[in-house]
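Q: I have a new model open and want to learn to read it. Where do we start?

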Amino acid sequence: MRQNFWLCFFCGLLVFCGAFAMAQGHGHGNGKHGHDDDDRYAYSDHDRNTIRGWYHDQGNNLPPGLAKKDRLPPGLEKQLERRGTLPPGLQKKIRPCPIELERRLPPPPPGYAHTVIEGHIVLLNRKTYAVLDVFHIEP
């Protein structure tokens with residue numbers, strides 16, 4: 001009987017803590033498009049400078065998706081937004097991030113990857129196509 005009391009007490013405490021965390025915005029679905037608004041996974045100024053430096057160091061040896069000719073039409077480019085979801089038309093254009101650049105960037109959060117989409121470096125969830133951040137590379 002005493003064990004049942006403690007079991008019920010701890011279960012109730014867990015339920016209360018979970019409800020409190022949800023009310024404080026720590027649950028799922030409180031950010032735009034259902035993403036958490038935690039900016040620690042956005043590309044920092046340092047990351048953006050790293051990407052720019054790598055891009056310019058490559059000269060004419062850029063991989064597919066990052067060459068000067070690889071650019072999105074304006075209508076598709078508007079659909080590629082931070083904290084958005086990648087539309088089906090852009091899902092077909094995903095390429096892996098070059099390994100040399102990948103090594104210079106901080107590791108992505110679990111379930112995410114640094115990807116290339118026609119002149120952009122995109123921090124993307126490969127299962128849900130949620131976009132954490134986008135960096136447009138200017139030629």
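Q: Which residue of strand 3 does H114 stand opposite?
A: Strands of a sheet pair through backbone hydrogen bonds, either parallel or antiparallel. Here, H114 stands opposite L123. Strand 2 (residues 112–116) and strand 3 (residues 120–125) run antiparallel and are joined by five bridges. Keep in mind that this is a predicted model.

Q: Which residue in strand 4 is the bridge partner of L123?
A: That partner is D133. Strand 3 and strand 4 pair over five bridges, in the antiparallel sense. The hairpin of these two strands has five residues between them, and Y129 takes a positive phi near 65° there.

Q: In what order do the strands of the sheet come?
A: The order is 1-2-3-4, in an open sheet of four strands with antiparallel pairing. Strand 1 (95–96) and strand 4 (131–136) have a single partner strand each, so they are the edges, and one side of each lacks a neighbour in the sheet.

Q: Which helix packs on the sheet?
A: Helix 2 (residues 45–58) does, touching strand 3 and strand 4. The direction of helix 2 makes about 45° with that of strand 4. As for cover, five of the six residues of strand 4 are buried.

Q: How many salt bridges does the structure hold?
A: Two. In one of them, the side chains of R48 and D133 meet at 3.2 Å, N to O. R48 lies in helix 2 and D133 in strand 4, so this pair ties together parts 85 residues apart in sequence. D133 also forms a salt bridge with R82, with the closest N and O atoms 3.3 Å apart. R82 sits in the loop between helix 3 (74–77) and helix 4 (88–91), 51 residues from D133. Shared partners join R48, R82 and D133 into one network.

Q: Why does R48 count as buried?
A: Its relative accessibility is 19%, and the cut-off for buried is under 20%. D133 is buried too, at 2%. R82 is partly exposed, at 34%.

Q: What is the nearest side chain of opposite charge to E118?
A: R95, 4.3 Å away. A salt bridge needs the atoms within 4 Å. E118 is buried yet has none. E118 lies in the loop between strand 2 and strand 3. Its contacts beyond four places in sequence include D70, R71 and K93.

Q: Where does pLDDT stay under 50?
A: Over residues 17–37, for which the model has 23 contacts beyond four places in sequence. The chain has a mean pLDDT of 78, and 71% of its residues reach 70 or more.

Note on methods. Residues numbered from 1 in each chain as written. Predicted model: local features only at pLDDT ≥ 70, side-chain atom pairs only at ≥ 80, totals over all residues. Heavy atoms only, no water. Pairing = 2+ DSSP bridges. Contact = heavy atoms within 4.5 Å. Axes fitted to C-alpha atoms, helices over the stretch in contact; angles between N-to-C directions. Buried < 20%, exposed > 50% of the residue type's maximum accessible area, 1.4 Å probe, protein only. Lys, Arg positive; Asp, Glu negative; His and termini not counted. pLDDT = per-residue confidence, 0-100.
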